[in-house]
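Subject: Handing over the structure

Dear colleague,

I am passing on the structure we spoke of, and my notes on it follow below.

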Amino acid sequence: MSVDLSQFLQTFFEESFEGLDIMESGLLELDPQHPDTEVLHTVFRAAHSIKGGAGTFGLSAISDFTHRMETLLDRLRAGEQTVTPEVVSALLSAVDCLRGMLEAIKAEQELDSEALSAAQQALDEQLALRDNGAKGGRPGAEQSAPAGSGGLGRRGANAGSSGSGSAPAGAGPEAGEGEQGGGWHIRFEPEAHLLTTGNDPARLFRALSDLGALTVHCESGELPAFEALDPESCCLSWDLELVTGATEAAVREVFEWVEDDAVIEITPLSGSAAPAAEDHGAAAEPAPESAPVAASATAEVEEGAEAAAAAGAAARPAATASSGGTAAATKSKPAKAGARKEAAKKSSSSIRVDTEKIDVLIDMVGELVITQSMLSQIGKEFSADRLEELQDGLAQLERNTRELQESIMRIRMVPISFAYSRLPRIVHDTSRALGKEVEFTMEGEQTELDKTVMEKIIDPLVHLVRNSVDHGIEDPAERQAAGKPGKGKISIEAYHKGGNIIIEIVDDGRGINRDKLLGKARAAGLVEEGEELSDAEVYDLIFHPGLSTHDEATEYSGRGVGMDVVKRNIRSLSGSLNVRSAPGQGTTITISLPLTLSILDGQLFRVGDQTYIVPLVSVIESLQVDGAKVSGVTGRGEVYHWREAYVPIVRLHELFDTEPMRHELSGGLMVIVEDEETYLGVFVDDLLDQQQVVIKSLEANYLRVPGIAGATILGDGTVALILDIAGLVEMSRGGSRQPLIPEREESDEAA
Amino acid sequence: MAEQSERQNLADDRTAALGTGADTVDAMQATADGEQYLTFTLGDEEYGVDILRVQEIKGWQRATPIPNTPHYVKGVINLRGTIVPVIDLRERFGMAAQEYSKFTVVVMVKVISGVRERIMGLVVDALSEVYTFQTEQIRPAPEFGAHIRTDFIRGLATVDDSKMVIVLDVDELLSDEDLAIADDQSRVAEAVRTAARVSKESE
């Protein structure tokens with residue numbers, strides 16, 4: 001059986017990106033004065049595994065480039081070269097470049113050769129520094145430069161773009177053999193059982209392509225109908241043309257292992273030197289296991305990727321050998337582009353899941369299976385007296401299913417550390433460029449939020465953090481003059497609060513200049529002369545497009561674009577933004593995001609015939625109302641004496657205009673809830689159990705309803721509403737207490 | 001399923017009958033060109049909605065009421081995991097409310113406002129037919145002056161030379177404002193009735 005490498009390609013990308021993140025954070029941690037060897041080891045290991053992986057997949061541009069990084073890192077960790085900010089910079093830009101290359105390969109795009117050569121040059125300079133200083137250097141590292149660009153050419157050709165420019169430079173080892181224009185025509189007709197012997201034609205062809213330029217022609221005429229196809233038997237045969245200087249014996253050697261299982265005819269090739277690599281698609285067909293499932297999309301992807309991989313292998317020597325070969329590789333572009341694009345599209349989204357979550361799922365499926373077998377047992381020998389048993393079983397089934405559903409929803413939840421990962425780099429780069437010193441801390445990395453929300457929050461976070469460095473933190477001199485430590489502080493913290501995810505970005509910089517901002521807004525005509533605004537309203541102006549307190553636009557900020565985009569992005573997630581600032585002390589930006597699609601621990605309760613859910617985090621206490629502690633206020637409101645304080649009582653049925661089962665407060669049940677230090681006693685008919693619920697949006701198909709955060713689907717399939725405590729507080733204060741509708745009598749009259 | 005194809009046949013027959021003096025080929029052409037409308041009844045009035053907007057048809061199931069919303073919003077139901085509001089069209093039009101029976105149907109329609117697409121359920125008395133109307137067959141609703149809203153009526157179509165179908169524009173009917181704040185019920189109801197009257201007079 002062949003090993004289809006393409007299926008691991010996605011994993012390779014994921015791991016490489018992770019490796020890059022590790023390298024990045026390691027490099028940022030690196031203190032030039034006291035380099036931590038352990039950190040250097042970590043960075044080195046990450047680079048090394050990327051190199052290894054790239055090598056396995058034949059991504060020579062990547063592996064060559066990483067090799068150079070590795071060389072530099074190796075010297076650093078061996079102490080042969082000192083860690084300087086320049087080295088770190090060069091390595092960081094190399095990380096960026098590598099990320100760009102990987103992304104380009106993943107997206108089937110052309111590589112940015114400019115960025116590559118720039119990063120390469122930076123690395124080479126660092127390498128040369130030491131080489132000039134001592135032992136004459138390592139030729140390998142230096143000379144790999146042309147090979148690297150050759151790799152780019154190969155990769156370019158492979159990705160369906162022209163690789164002509166750099167191809168002649170490809171001084172790879174195989175090019176050294178030279179092409180005499182000779183070669184071999186190989187007829188390869190394997191027996192049907194070839195695959196069962198553990199041989200893989202694709203591997204043979206890869207070995208052949210190392211000898212020279214290989215053209216593969218596949219004959220699929222023998223293929224039976226799809227239904228009759230046996231994935232384990234090989235029905236294909238191949239015509240191969242190998243342009244090489246190798247001897248027949250060398251070619252035969254490649255087939256040594258399959259001699260007994262195939263008809264192999266090798267004849268000298270007459271004719272042109274560079275055969276056209278037309279049918280790269282055919283090269284993919286040795287992946288026989290993908291043929292039977294060709295109908296399914298996944299198979300298409302695999303096949304496409306395999307085609308690309310095989311074609312890449314075939315195109316490689318062609319590109320390095322001669323311009324004819326390059327032309328051939330270029331020619332193959334349209335044929336492959338489709339398949340490659342398909343592959344990219346299908347593999348675009350994936351998620352890494354904590355093994356623990358999967359273990360939970362497996363346990364649950366196990367339970368489900370047990371329940372199922374128990375039920376079928378009852379079903380087989382059913383009699384009326386076993387009814388209770390059946391009901392128990394069904395109840396268990398229901399519970400299993402629900403738990404399973406919840407756990408599966410949980411898989412979508414990812415820790416916010418994914419969104420955090422880019423931030424230290426942003427702070428590092430921006431502060432360096434602006435000559436500022438910033439200490440950056442991150443908290444609440446394990447706070448989970450939905451993957452979709454997470455993806456959309458990354459850009460706003462980057463922008464806000466960059467803004468804090470640029471606008472918030474002052475120059476070291478200015479800070480010292482103000483009696484503050486020269487090093488500014490920026491922190492980001494994420495936590496769950498009352499059905500929301502709160503992300504706070506705090507800096508200890510100069511704060512927002514209220515007057516200046518207001519002045520600018522007045523000048524821009526956004527605020528009327530003489531109109532007075534509250535602090536919150538003024539700070540909200542920073543999100544207005546085209547408004548910036550910076551007098552000059554810098555590379556980083558000051559054009560007044562961006563903040564409006566931040567606000568729009570957060571709004572599109574139904575979130576809100578809040579800015580607090582104290583002159584000279586700093587600014588705090590609070591983002592509040594709803595947990596749509598996510599899971600919430602809720603306390604279920606009942607009012608009238610309806611079940612409601614209140615987020616458990618908001619619940620402070622549930623108690624039985626002591627009539628003596630209830631007092632009226634101006635005949636309208638009621639308060640409850642609770643823990644040395646008076647808490648307003650909310651009768652939910654009044655607020656929601658429903659018919660309760662109980663009107664009498666005394667002896668009834670009350671849930672004390674909290675939102676931002678405001679307490680509320682919610683009077684309910686009955687308390688039910690606590691359970692995790694999946695939050696569903698009410699807004700998706702309807703509207704935002706005051707006092708309601710969303711809805712969920714209960715075990716019995718009915719919908720229950722989730723209370724929004726902040727909204728309730730507001731409603732109970734009479735803020736938006738007016739019902740959305742005119743009085744009912746009125747409409748009845750009208751009818 | 002059988003019922004549905006029967007309906008389709010019926011609709012085709014009607015289309016053929018409608019094609020005044022046209023032969024069968026023309027009638028078939030008409031089926032291909034025109035738009036299909038699903039019609040339902042409210043009392044003895046017949047309403048139609050673009051069939052492409054109809055997502056599915058369900059029997060009435062108990063909805064969870066949403067506090068502080070117009071009374072014709074009956075609440076929300078669970079439609080395979082999504083929360084979907086259900087609107088009683090009788091009450092929306094200011095007609096007398098009716099007890100829900102086993103024939104009461106909820107027509108799930110797609111409502112488009114701007115870039116948003118929403119699914120909502122319309123509670124109606126009963127389903128009626130599927131008709132094919134040519135664009136010119138749907139005559140614009142007459143003007144009633146500024147005080148009566150007709151924007152949610154796309155037009156009026158006549159079937160069998162006598163029966164009138166009020167073709168609704170669901171996007172207008174279920175716009176945000178209408179869902180949050182009930183407009184003057186009498187106006188909507190009156191608009192519908194006047195439309196019916198004018199249409200009959202004009203024949």
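To begin with chain B, this chain has six helices and ten strands, and of its 203 residues 37% count as buried. Please bear in mind throughout that this is a predicted model. When the contacts in chain B between residues at least 6 apart in sequence are taken together, 60% of them join residues at least 24 apart.

Chain A holds 25 helices and 22 strands, and buried residues make up 38% of its 751 residues. Of the contacts in chain A with a separation of 6 or more, 72% are accounted for by residues 24 or more positions apart.

As a general background, nonpolar side chains in soluble globular proteins tend to be buried together. The largest nonpolar core in this model has 82 residues, and those with the most contacts inside it are A:Val682, A:Leu723, B:Val76 and B:Leu168. The element that gives the most to this core is strand E22 of chain A (residues 719-723), with five residues.

Two packed helices are described by the angle between their axes and the distance between the axes. Helix H14 (residues 355-380) and helix H15 (residues 387-411), both of chain A, pack at an angle of about 160°, with their axes 9 Å apart. Because angles over 145 degrees count as roughly antiparallel, H14(A) is roughly antiparallel to H15(A). Their crossing is left-handed, and the contact is made by residues including A:Val360, A:Leu361, A:Met364 and A:Leu368 of H14(A), together with residues of H15(A) among them A:Leu390, A:Leu397, A:Leu404 and A:Ile408. The residues of this contact between H14(A) and H15(A) divide into 13 nonpolar, five polar and five charged.

The other pair is helix H17 (residues 423-434) and helix H18 (residues 451-472) of chain A, whose axes come within 9 Å and cross at roughly 30°. Since angles under 35 degrees count as roughly parallel, H17(A) and H18(A) are roughly parallel to each other, and H17(A) passes H18(A) in a right-handed crossing. Here A:Leu423, A:Ile426, A:Val427, A:Thr430, A:Ser431 and A:Leu434 in H17(A) meet A:Leu461, A:Val462, A:Val465, A:Arg466, A:Val469 and A:Asp470 in H18(A). The residues of the contact of H17(A) with H18(A) divide into eight nonpolar, two polar and two charged.

Finally, there is one residue to look at by itself: is A:Gly727 buried or partly exposed? A:Gly727, which is found in helix H24 (residues 725-732) of chain A, has 18 other C-beta atoms within 10 Å and is therefore partly exposed, given that a residue is buried if 20 or more lie within that distance and exposed if 12 or fewer do. Leaving aside its neighbours within four places in sequence, A:Gly727 is in contact with A:Pro706 and A:Gly707. A:Pro706 stands 21 residues from A:Gly727 along the chain, and the C-alpha atoms of the two are separated by 5.9 Å.

With best wishes

Definitions and conventions:
Residues numbered from 1 in each chain as written. Chains lettered and ligands numbered in written order. Predicted model: local features only at pLDDT ≥ 70, side-chain atom pairs only at ≥ 80, totals over all residues. Axes fitted to C-alpha atoms, helices over the stretch in contact; angles between N-to-C directions. Helix = DSSP H or I, 4+ residues; strand = E, 2+ residues; numbered from the N terminus. Parallel < 35°, antiparallel > 145°, perpendicular 65-115°, else oblique. Left-handed = near helix turned anticlockwise from the far one by under 90°. Contact = placed C-beta atoms within 7 Å. Nonpolar A, V, L, I, M, F, W, Y, C, P; charged D, E, K, R; others polar. Core = buried A, V, L, I, M, F, W, Y, C linked by C-beta atoms within 7 Å.
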